[in-house]
Amino acid sequence: MGKDSQHYYGKHGTPQKYDPTFKGPIYNRGCTDVICCVLLFLAIVGYVAVGIVAWTHGDPRKVIYPTDSRGEFCGQKGTKNANKPFLFYFNIVKCASPLVLLEFQCPTPQICVKQCPDRYLTFLKARTSPDFDYYKQFCVPGFQNNKGLAEALRDGDCPAVITPSKPLAQRCFPAIHANKGVLMVGNETTYEDGNGTRKNITELVEGAKRANMVLEARQLAMQIFEDYTVSWYWIVIGLVIAMVLSLLFIILLRFLAGIMVWVMIVMVILVLGYGIFHCYMEYSRLRGEAGSDISLVDLGFQTDLRVYLHLRQTWMAFMIILSILEVVIILLLIFLRKRILIAIALIKEASRAVGHVMCSMLYPLVTFFLLCLCIAYWASTAVYPLLNCQSVIPTDKSNESRQCPSGRCQFAFYGGESAYHRALLGLQIFNAFMFFWLANFVLALGQVTLAGAFASYYWALRKPDDMPAFPLFSAFGRALRYHTGSLAFGSLILAIVQIIRVMLEYLDQRLKAAQNKFAKFLMVCLKCCFWCLEKFIKFLNRNAYIMIAIYGTNFCTSARNAFFLLMRNIIRVAVLDKVTDFLFLLGKLLIVGSVGILAFFFFTHRIRIVQDTAPPLNYYWVPILTVIIGSYMIAHGFFSVYGMCVDTLFLCFCEDLERNDGSQERPYFMSPELRDILLKGSPQEGKQEEVEEE
């Protein structure tokens, strides 16, 4: 197929000539972009190898249970630390280091202890006093007081100082409290660091904050998990409602496309109007409430989002955003009212195509399942290497300790020096790149499959008699058998741009502390350029995949032909394609907004009939956001099928106009309804009338 299909187009993508043998998607086609198919296979093999390496070096239990500097768990049955449930930091001040955020560990020795220290002592004072037996339990196991002071501290055998601490999530944190506004540990406002220097308590506070950051995130995650456990069935009910509404909307669109579009537009305007009115009423109600005039900046970030609902500024912001959105929608409707009628005709034709390929409505489930596999594999491969963060070195210089069969090891640093640790950053970049490549490949496979099914509908002269028995399965088989390489090629280009964007974001975060304005300006320009490039490649890929589904040409040829075909019909692209996208967006907003409002009133106990049915929650925004995001994904899944159908039919329509003239010898493949409204006022309409008169 590859070589025979090239004659459809002239040089530089000029319109193709009439071909009496062409009847739509061709079954007798050959493999395209085989090299990219081989590259994808080799990359997947390498990705599996990276996953195996990551899983063998990591241990997910380190996220849940504390581990000492040797990587041994604290308080776990069957281990030598079974009676030592708490983790003690030698110098918690070092937890203020950025390494805490990068490696999820503090760069200081850590040991498992039976209890957290309850007194203030320095190693200098304790080693010559009766308190040494107490102090010794906070030294490394097996430590004997037979070293000099400097040597013991240098080797990390004991902490330089211990301070009164309290256990929090099995970790020992300084027992810091405020007395008349003054921070204190025990009865002290300063502490000695063990080296003869007095330091302020605020340094302990900073270290404890950084060390506690991961724990706070864990506690927040646990509270969110609790909310999910008591509200999951209501979330499922909300998602089922969203699915039913989406399916009902699609079914009604099949028979009442024109009425449904206008009903959808009116409903979106009414929902936005109600939202504006509700925001105004809440804003008015809070006028006399104390503390409601605090600004969002002064309040800062709060994990309990209900706090923001008690501020007038929050409701004012909501009201402004909704008002701007409604004004924009109304203005677009006024200026595009005639174009909407044309778009409705295209949606009607898409409804008929979907009606003849009803199983296409279930295909988003296949895409969703494959994307979940990609995300799960990427996440597990990305997290596991981070769970191997400690390295130990032998302290004794004997040959036995170098071989380390029985030599004692101590904490040295986090990360390790092996080839695996040196290549860890590169492996993480490769992991992210493969995630983008595979995710884009899954999306591309779905687009080619749907495009092939709907193209077989359009190019059937007698619909649906000339269609294959199972158009969706036939298109899926053609895509995998012949065009895996082309899909890999298109998704590879997009993945390269996306990984560059990720690296630019990483560099931007690293350069935020720099005061070089030119570097910041250059970074903003690069981020903007690559964002635009990604959008353009997505648009070009989508249309290239449609051409691949129709003609079976390779990716570059399909992308070139699709681009020039769209450029020759740029007015129609701007008028029809984007108007239908706008209408589908309104449909998604209607479904998501309706389900979101229902979830908000339910989980905030504002529906009196079921007021006592809603479960008590730590954060009611957790199920609400879950329902909203899930509803959008469900609605997007249904409407994405319609969107792909519209794009395919539109591209086929442009091809049909250039290939045929409506005569008996060269009839149009488009339906009479679509022809009447899309050719109205165009030169093709005049030609069609002349042909009919003859």
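Me: Buried means under 20% relative accessible area, exposed over 50%, and partly exposed in between, with a 1.4 Å probe and protein chains only as cover. Which of these does alanine 82 count as?

Reply: Alanine 82 counts as partly exposed, because its relative accessibility is 39%. Before we go on, this is a predicted model: local features need pLDDT of at least 70, side-chain atom pairs count only at 80 or more, and totals for chains, interfaces and linings use all residues. Residues are numbered from 1 along each chain as its sequence is written, and side-chain values use heavy atoms, leaving out hydrogens and water.

Me: Where is alanine 82, and what does it touch?

Reply: Look in the loop between α2 (61-64) and β1 (86-89); helices (H or I, at least four residues) and strands (E, at least two) are DSSP runs, numbered from the N terminus. Contact means heavy atoms within 4.5 Å. Leaving aside residues up to four places away in sequence, alanine 82 touches Gly75, Gln76 and Lys77. Lysine 114 is 32 residues from alanine 82 in sequence, and their C-alpha atoms are 9.3 Å apart.

Me: How many residues are in the largest nonpolar core?

Reply: In soluble globular proteins, nonpolar side chains tend to be buried together. A core here joins buried Ala, Val, Leu, Ile, Met, Phe, Trp, Tyr and Cys residues through side-chain atoms within 4.5 Å. The largest one has 98 residues, and Val261, Trp437, Tyr458 and Leu583 have the most contacts inside it. Helix α15 (residues 424-458) brings the largest share of this core, 19 residues. Valine 261 touches Leu253, Ile340, Ile344, Ile347 and Leu583, again not counting residues up to four places away in sequence. Apart from that core lies another, of 20 residues, including Ala242, Cys279, Val595 and Val627.

Me: Which helix gives the most to the nonpolar patch?

Reply: That's α8, with 5 residues. Both α7 (201-255) and α8 (257-285) supply at least two residues each. Methionine 267, one of the patch residues, sits in helix α8 and counts as partly exposed because its relative accessibility is 35%.

Me: Where is confidence lowest, and where is it highest?

Reply: pLDDT is the predictor's confidence in each residue, from 0 to 100. Its mean for the protein chain is 75, with 74% of residues at 70 or more. The lowest mean, 39, belongs to strand β12 (residues 409-414), and the highest, 90, to helix α17 (residues 484-510). Over residues 386-417, pLDDT stays under 50, and the model has 72 contacts beyond four places in sequence for them. Where pLDDT is low, the predicted coordinates should not be read in detail.

Conventions. Patches are made of residues with over 30% relative accessible area and no salt bridge: like charges are joined within 9 Å, nonpolar side chains (Val, Leu, Ile, Met, Phe, Trp, Tyr) within 5 Å. Accessible areas come from the Shrake-Rupley method with a 1.4 Å probe; for residues, only the protein chains shown count as cover. A salt bridge is a side-chain nitrogen of Lys or Arg within 4 Å of a carboxyl oxygen of Asp or Glu.
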